[in-house]
Amino acid sequence: TATMRAAGLSLGAASAIFLLAALYFMQRHIVRPVRRLTGKIQSMQETGDLALDLGEHGNDEVGMLASEFGELANRLTKAHGELETARDEALELARAKSEFLARMSHEIRTPMNGVLGMTELLRNTRLKPRQERFVETIYESAENLLRIINDILDFSKMEAGKLQLEDVDIDLRAIVEETVESLADQAHQKDLELNAVVPPELTTRVCSDPLRLRQVLTNLVANAIKFTDDGEIIVRLAEEQAEDEQVRITFSVEDTGIGISEENQSLIFDSFTQEDGTTTRRFGGTGLGLAISSQIVELLGGQLAVASEPGVGSKFYFTLSLEPAQSAPPDGASEPSGVAGKNFLVVDDNATNREILENQLQSWFATVDSANNAENALARLATATAEDSLYDLVILDMHMPRTDGLQLARAIRAEPALKDL
């Protein structure tokens, strides 16, 4: 029994020694190399440096793994260097191309302005009807070409990183109203309503780049006019809740035009892209307007987006966080005298027009009712007469269905009780 116990102890000691030896072997030849290799891999991930020394490695499986990884790292390092070289060459080529386009666009724009100026002078001379048509065609073609050249010039500046932004005190209301006014003729030629909705309480005195902001709005409104055959275009400003002292304003341009399919909405902000070839053939243009507008909005700190449904219309919108203006607003009357406390009736078949007039008059502390056609207006006037609560003033839209503004005015004047209205 003692002999057996001794033999058992000897066997246990031998087993323990073997186990320790095995653990030492695994620690030295497997665990430690794998841990070292893992550390190197983590270091490469953190630093991005593929040219790391993996140290000496043996001829076993772990050593072969380390060797293969080292070879892979060397190949990746070489490929990375080649990609950097190719990238630098591509960037240099893009810069050279952009600078060339910018120079060429500028050189072409100078004589084009001369063509437009001389054609304008020729339009003001006495011409025969056939000659007038020729001159008008020359002028319109030159204007279209100049717009294309300006688009290319702006696009080239952006690609070359040379588009500079201002940051000055501006009045958003003035910028929006001037933009709408400049494009009103184009809209009215297509019998479209073009409106600007700027709530009276909105903070309009901010810091931004007036030229570029006006350029974006002009592009969006001009696009809306181009792709809308019936209905209206609305430029709308809304003030969002800001988390700091900045002013957050959402700009939107809505139309009732042809709309954009869902699959093409992500493509229209790409350079030289319109929704499809048929729109290019029908409406013309370079396809640069939205791409330029999108990049300008990004430079201003926002992102241009679109919501659209084919056959219903489109809404382009973006939100900017702007610093409040540093200077005081210019002196001037804040409201017309004699409006506060008066009772108004607004008659217009267009809901947006009624909204604008109601908001403006209410901001001047007037009481406002509205009607969407002549029949409803006459009914309101009759009710007011019966209740001895006459209106002080009625604002009439000229173009309304069935009964227009002039016909309604004559009908009102025919009522003796309304002679002072």
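Which helix is I292 found in? I looked it up in this predicted model, and I292 sits in helix α7.

**I292.** I checked its cover next. I292 comes out buried, because its relative accessible area is 0%. Then I asked who is around. Skipping the neighbours within four places in sequence, I got D151, D154, F155, M158 and Q215 as the contacts of I292. I also noted one distance: the C-alpha atoms of I292 and D154 are 7.2 Å apart, although 138 residues separate the two along the chain.

**The largest core.** I moved on to the nonpolar residues. The largest nonpolar core counts 45 residues, and L172, L213, F251, F316 and F318 have the most contacts inside it. I listed the elements that each supply at least two residues of this core: α3 (129-159), α4 (172-189), β2 (193-197), α5 (210-226), β4 (232-240), β5 (247-255), α7 (289-300) and β7 (313-322). Which of them gives the most? That is α5, with 7 residues.

**F316.** Leaving out neighbours within four places in sequence, F316 is in contact with L220, F251, S252, V253, I260, I268, F269, L290, L304, A305 and V306.

Where do nonpolar residues make a surface patch of about 260 Å²? I found F100, M104 and I108 there. F100 belongs to helix α2 (residues 61-123). F100 counts as partly exposed because its relative accessibility is 44%, and partly exposed lies between under 20% for buried and over 50% for exposed.

Definitions and conventions: Residues are numbered from 1 along each chain as its sequence is written. This is a predicted model: local features need pLDDT of at least 70, side-chain atom pairs count only at pLDDT 80 or more; totals for chains, interfaces and linings use all residues. Side-chain values use heavy atoms; hydrogens and water are left out. A nonpolar core is a set of buried Ala, Val, Leu, Ile, Met, Phe, Trp, Tyr and Cys residues joined through side-chain atoms within 4.5 Å. Buried means under 20% relative accessible area, exposed over 50%, partly exposed in between (1.4 Å probe, protein chains only). Helices (H or I, at least four residues) and strands (E, at least two) are DSSP runs, numbered from the N terminus. Contact means heavy atoms within 4.5 Å. Patches are made of residues with over 30% relative accessible area and no salt bridge: like charges are joined within 9 Å, nonpolar side chains (Val, Leu, Ile, Met, Phe, Trp, Tyr) within 5 Å. Accessible areas come from the Shrake-Rupley method with a 1.4 Å probe; for residues, only the protein chains shown count as cover. A salt bridge is a side-chain nitrogen of Lys or Arg within 4 Å of a carboxyl oxygen of Asp or Glu.
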